[in-house]
Amino acid sequence: MHLLRIHAIALGAMFLVGPASAQVNIGIWGNGILGQSALRNAQEAAGQSADDEEAETSARARPEDAAALSFEHSGELSRQIEEGVAQRLSEMVTVQFQMEDPSSLVRTAGTRAIYRQELKKRGLPEDSLSGATALFLAVGWELANGRSLSEEQTAAIFRQTAGGLQRSPLARKSGPELQQESEIRLIITALWLEEARVRSLSSRSTQDLADAVRNDLKAITRNDMRAYEVTANGFTGR
């Protein structure tokens, strides 16, 4: 059996390039959402606000924070990321949304409320690239396979994801860059969850959504979520 290719998920290329036959324009993910000047401004703002050296040192000393690739959250950066995703949503995923105005849900921070609640429910850390990526993959697997994961299975995905990310170039990114990578994953995850809720309430078919999520994840991560089970080690090939 083989484990899910976490290295493909860990690398920035996960959201920047895709296979030639990809149905999704992956090029707008990552740095395509915000320009380099916006990231530089966010980095400068973060540096100016980080004046509590004792608290910063204490946070860095916690191994769980390091594994999670945590960052100091910026509300202004969140708003810029949400606007970027809202403008380009139709290019990012192939899901044909039946909910009313998904871009508006993103712009008004509706997705932020959804993914924060979901992170808390699943025991995953906020303001963390590892937590965001684990949620993205866990929800994607559930929707693609039509099955729910247990708390233990989600924890295994987090451990597997955190380990892969620690060995990736993303572990050397700045806080604003980690926030950008995290929130793009989280926004898409929240939209999937809301779309699944809308379809279940209206008795509309969920199979099209399952197939679309599967196809988008395959294009983005190069992994077929229907080819994996989730064990104590995380994603393992069937």
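Are Tyr228 and Phe235 buried or exposed? Both Tyr228 and Phe235 are buried. This is a predicted model. Its largest nonpolar core has 49 residues, and two aromatic pairs are counted.

**Nonpolar cores**

- Val85, Ile188, Trp192 and Phe235 have the most contacts inside the largest core.
- A second core is separate and has six residues, among them Leu69, Leu129, Leu165 and Leu178.
- In soluble globular proteins, nonpolar side chains tend to be buried together.

**Around Trp192**

- Beyond its neighbours within four places in sequence, Trp192 touches Val95, Phe136, Val139, Gly140, Leu143, Leu209, Val213 and Leu217.
- Trp192 is buried, and Phe136 is buried too.

**Aromatic pairs**

- Phe136 and Trp192 are stacked, with 5.3 Å centre to centre and 20° between the planes.
- This pair links distant parts of the chain, with Phe136 in helix 8 and Trp192 in helix 10, 56 residues apart.
- Tyr228 and Phe235 form an edge-to-face pair, because their planes stand at 75°. Their ring centres are 6.4 Å apart.

**Glu44**

- Glu44 lies in helix 2 (residues 36-49).
- Glu44 counts as partly exposed because its relative accessibility is 49%, and the cut-off for exposed is over 50%.
- Pro176 is 132 residues from Glu44 in sequence, yet their C-alpha atoms are 9.6 Å apart in space.

Definitions and conventions. Residues numbered from 1 in each chain as written. Predicted model: local features only at pLDDT ≥ 70, side-chain atom pairs only at ≥ 80, totals over all residues. Heavy atoms only, no water. Core = buried A, V, L, I, M, F, W, Y, C linked by side-chain atoms within 4.5 Å. Buried < 20%, exposed > 50% of the residue type's maximum accessible area, 1.4 Å probe, protein only. Contact = heavy atoms within 4.5 Å. Helix = DSSP H or I, 4+ residues; strand = E, 2+ residues; numbered from the N terminus. Phe/Tyr/Trp six-rings, centres within 6.5 Å; stacked < 30°, edge-to-face > 60°.
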